[in-house]
Amino acid sequence: MLSHLPILQVIVPLLAAPACLLLDRARAAWLFACMASLVSVVISGLLVFQVHQFGVLSYSLGGWDAPWGIEYRIDLLSAYVLLIVSGIGALMILAANTAIRIEIPPERQPLFYVLYLLCLAGLLGIVATGDIFNVFVFLEISSLATYALIAQGQDRRALWAAYQYLIVGTIGATFILIGIGFLYSLTGTLNMQDLSNRLPQLENSATAFTAFAFLMVGVCLKLALFPLHLWLPNAYAYAPSIVTAFLAATATKVAVYLLIRFHFSVFGVGFAASVLPLHSIFLALGLAGVFVASLVAIQQPNVKRLFAYSSVAQIGYMIIGIGIGSATGLQATLLHLFNHALMKGALFLALAAVVFRFGSADIRHFAGLGQRMPWTMAVIVIGGLSLIGVPGTVGFISKWYLVLAAFERDWWPLIIAVLLGSLLAVIYIWRLVEVAYFWKGEDEVCREAPLSLLIPTAILALANIYFGIDTRLPVYLSDSAAQMLFGVSP
Amino acid sequence: MTAILALQLTLIVPLCGALLIALCGRWPNLREAVTLSTAGLLFYLVIQVFGAVERGGDEAAALYVELWQILPGLHIALHSEPLSILFALVASGLWIVTSVYSIGYMRANQEKRQTQFYVCFAVAIFGAMGVAFAANLLTLFLFYEILTLSTYPLVAHKGDDKARAGARTYLGILLATSIGLFLPAMMWTYFVAGTLDFRPGGILDGNIGGIGATILLLMFMFGIGKAALIPVHRWLPAAMVAPTPVSALLHAVAVVKAGVFTIAKVVIYIFGLDFLVDVPHEVVAVYIAGFTIVVASILALRQTNIKRMLAYSTVSQLSYIVLAVLVLTPLSEIGAIVHIVAHAVAKITLFFAAGAIYIASKKTEINQLDGIGFRMPITMGAFAIAALSMIGVPPTGGFVSKWYMIAGAFQIDSYFVLIVLTLSTGLNAAYFLPIIFRAYFRKESVAPPKPHGEAPLPMVGAICVTALLTLLVFFLNGPLVAFEMAVLGVPR
């Protein structure tokens with residue numbers, strides 16, 4: 001049983017999805033989806049433990065060995081990302097039952113759980129597999145589910161946002177497919193391990209570079225790197241709140257994982273540097289993303305949109321970490337993967353509570369919210385402090401490593417830029433705090449969100465503080481993963 | 001009890017106290033009993049730690065406890081040395097007095113949400129203890145922010161528009177300065193020095209040179225917004241919307257002293273006096289502090305509200321401490337440290353008196369005070385003693401600190417400092433003496449609607465205690481100075 005964990009990680013949610021469809025009752029489907037997600041958290045926890053104990057796990061699908069069959073390969077990096085995705089996925093589904101009550105009509109609710117589990121399965125599959133064509137398959141599963149999930153939003157613009165994402169996402173996926181095609185024609189294999197062995201001998205091949213470029217652009221579309229981020233704010237703003245929370249905390253993280261996987265494991269660290277100034281491009285685009293997206297975020301009237309832009313900015317930090325091009329920089333990116341999932345999960349879930357009470361996350365609803373929904377606002381404040389990077393929260397840890405990485409290179413302008421970026425975050429968080437605590441609310445009757453929504457939110461908020469103080473788990477995992485990526489392919 | 005255990009308990013006790021107060025919210029008498037016994041216990045614990053530091057030797061050197069490691073090189077750790085024990089003694093000792101006073105004040109004024117008030121107060125003291133005993137800059141920063149966040153509900157206590165506006169300025173300036181300047185300065189320090197520990201002689205010597213050190217110093221000075229240098233001082237007058245016990249303990253003692261205490265710690269244990277002397281243009285910092293002293297005094301002169309005048313006076317007096325720290329001579333450092341105590345006891349007396357006047361007569365403006373000395377002789381007598389200490393007249397604590405400051409300025413022949421001290425003494429006299437004059441030498445212009453005497457007994461008692469302490473600092477300055485000499489590395 002334990003040796004089948006890598007495939008169980010993916011297959012449990014994948015099979016649970018059609019089962020939810022058969023149940024056809026919202027509450028039953030919810031309970032079933034909860035169970036499936038909890039099982040996948042347990043599996044990912046066990047996987048982390050196994051990888052830590054025994055090293056890389058390789059699993060041949062159907063007993064067919066690697067070059068012929070599909071290999072599932074779990075190393076520390078994938079175990080780490082699996083843990084993030086399944087953990088967030090489970091917390092979100094716990095809150096989903098309440099959160100979708102007003103946003104999705106009852107007859108469509110079972111369908112929501114089906115899509116949710118499919119999306120989760122797709123994201124987990126991307127991370128677990130060791131085969132690049134399999135990556136594409138799971139990418140499509142998760143993307144298609146995502147488009148449908150976004151379209152569930154109550155605002156009619158959700159359809160348009162989903163359509164916009166569909167077009168951009170399909171272009172991205174096509175780019176990735178083209179890249180995979182080139183790689184297959186060049187090397188004759190789809191297995192990542194084989195590819196990484198064969199590619200170094202083909203270093204000067206134009207086909208390899210073309211493939212690399214297609215893959216990078218395709219993945220950057222999916223992870224919403226500035227200036228390819230335009231789909232993201234609409235998708236996040238109009239999707240049902242729980243979907244936004246789930247996507248913000250997982251989907252972009254998986255895309256970043258994919259970027260790291262292609263860049264470091266498949267092609268190797270030295271590959272890009274030999275022909276493209278990729279790291280400089282990453283640095284420039286990451287910085288531009290931080291500043292442009294933060295400045296746009298400051299002016300948003302809709303808080304969901306505000307945090308969507310803030311997500312684009314935070315992705316900028318992750319890309320900067322990769323662009324620094326050292327193990328510490330990569331570690332900063334990996335840490336921020338984990339930390340950003342916690343903070344944005346908490347923030348968007350708190351917004352889900354606001355939407356639950358008011359029907360939208362417009363900033364005017366926040367007037368006086370500090371008195372009316374004290375716990376929800378407390379979570380937003382904690383998440384905001386974390387986003388800024390105040391010590392005692394997870395945000396500080398990732399910023400610390402990012403600045404440390406820049407310091408190791410003696411890049412003072414980068415350090416100053418990162419700190420200035422935090423100040424921009426101060427501005428947009430302060431705007432929220434000011435409205436919530438210092439403005440008088442309209443005389444609407446409004447109570448705190450229900451406990452079923454508040455508890456998962458509070459768990460995430462406490463995790464923001466807990467992992468900001470007890471950093472051993474994420475720091476150990478990200479450190480080992482970064483060392484491994486730089487050690488395997490120097 | 002071992003001193004190391006007492007050191008850890010100084011953090012645990014106020015936190016547990018806050019929890020208990022919250023649980024006892026329904027029974028006011030029990031709740032107040034919890035507050036008082038927590039304060040008493042805390043003071044006892046601080047005395048225990050003080051004893052160990054006083055005895056010196058191995059026991060004092062071993063007063064270091066690492067609570068948690070956040071990242072390699074980044075610890076949450078506590079220690080104790082003469083400077084921190086002094087701040088802890090002042091904050092915890094005056095907490096007892098203030099608790100007595102606030103019971104009188106809050107009940108006489110029939111304030112709402114008293115449980116929340118006492119809980120936040122205890123959490124704020126927890127923050128102050130953490131600031132006092134922090135063994136490194138990161139720990140200090142964490143507790144510094146806890147202090148900011150826990151005092152925000154106290155400032156906004158009244159809940160009306162004015163309180164909200166004041167709380168907004170309060171939170172906005174304190175958070176923005178600490179996140180925008182203090183935090184980057186701290187990170188910068190770590191990256192060049194490789195540690196954030198407070199060490200005798202500083203950690204920056206040889207690690208940062210030239211103009212960089214000057215910029216870092218200024219980042220610390222303005223980043224530590226609680227020290228209220230102009231132009232980041234505006235939060236302090238804004239915080240006066242809080243109930244008077246809050247203004248008294250937090251905005252005359254715990255919060256503002258946490259600010260100057262942090263600056264003193266940074267100058268003495270991060271930069272190191274010997275290193276800072278060589279930093280180019282470090283004298284700019286002295287000018288900023290001197291400017292703040294004079295300008296804040298002038299602003300105080302123009303205030304008509306008693307509490308706002310006291311707030312500007314605090315801004316000015318805090319800069320005395322910053323200025324004295326930055327003069328960088330041994331005598332001026334002693335002056336700064338003594339002034340932390342002298343100003344604390346005197347200013348808390350002044351606020352207590354202002355609160356007592358408000359409770360007894362509902363008067364808040366200076367021009368209403370004609371003849372009040374006859375109705376409230378004890379309160380106004382204490383006010384006069386404290387005002388004399390502000391000016392620096394013997395036999396009060398303010399004289400001792402000013403004496404050392406002037407002596408320190410003479411050590412480096414800094415005429416700027418001497419002029420500032422003289423000028424501000426004149427200004428202090430100009431805004432305090434008229435109040436005493438009004439109170440005792442003018443007739444009441446209109447008789448109050450209801451004849452009144454002194455405020456409730458707990459308040460009067462608290463005022464007497466702090467006024468007495470103001471005098472005691474003068475008479476007992478010898479042991480205090482001798483004890484604090486250790487900060488400068490002078491063996492006792």
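At what angle do helix α10 and helix α14 of chain A pack? The angle is about 165°, and their axes lie 7 Å apart. This is a predicted model: local features need pLDDT of at least 70, side-chain atom pairs count only at pLDDT 80 or more, and totals for chains, interfaces and linings use all residues. Residues are numbered from 1 along each chain as its sequence is written, with chains lettered from A and ligands numbered from 1 in the order in which they are written.

**Helix pair in chain A**
- Helix α10(A) spans residues 241-266, and helix α14(A) spans residues 327-358.
- The angle makes α10(A) roughly antiparallel to α14(A) (angles over 145 degrees count as such).
- Their crossing is right-handed.
- Residues in α10(A) that meet α14(A) include A:Ser241, A:Ala248 and A:Lys253. Among their partners in α14(A) are A:Leu337, A:Phe348 and A:Val355.
- By class, this contact has 12 nonpolar, 4 polar and 2 charged residues.

**Where chains A and B touch**
- 17 residues of chain A are in contact with 16 residues of chain B (contact: C-beta atoms, placed from the backbone, within 7 Å).
- On chain A's side, α17 (394-408) and α18 (412-438) each give two or more residues.
- α18(A) gives the most, with 6 residues.
- That side has 14 nonpolar, 2 polar and 1 charged residues.

**A loop residue in chain B**
- B:Asp160 sits in the loop between α6 (137-155) and α7 (161-193) of chain B.
- B:Asp160 is exposed, because 11 other C-beta atoms lie within 10 Å (12 or fewer count as exposed).
- The C-alpha atoms of B:Asp160 and B:Ile337 are separated by 38 Å. These residues are 177 residues apart along the chain.

How values were computed. Contact = placed C-beta atoms within 7 Å. Helix = DSSP H or I, 4+ residues; strand = E, 2+ residues; numbered from the N terminus. Nonpolar A, V, L, I, M, F, W, Y, C, P; charged D, E, K, R; others polar. Axes fitted to C-alpha atoms, helices over the stretch in contact; angles between N-to-C directions. Parallel < 35°, antiparallel > 145°, perpendicular 65-115°, else oblique. Left-handed = near helix turned anticlockwise from the far one by under 90°. Buried ≥ 20, exposed ≤ 12 C-beta atoms within 10 Å, placed from the backbone.
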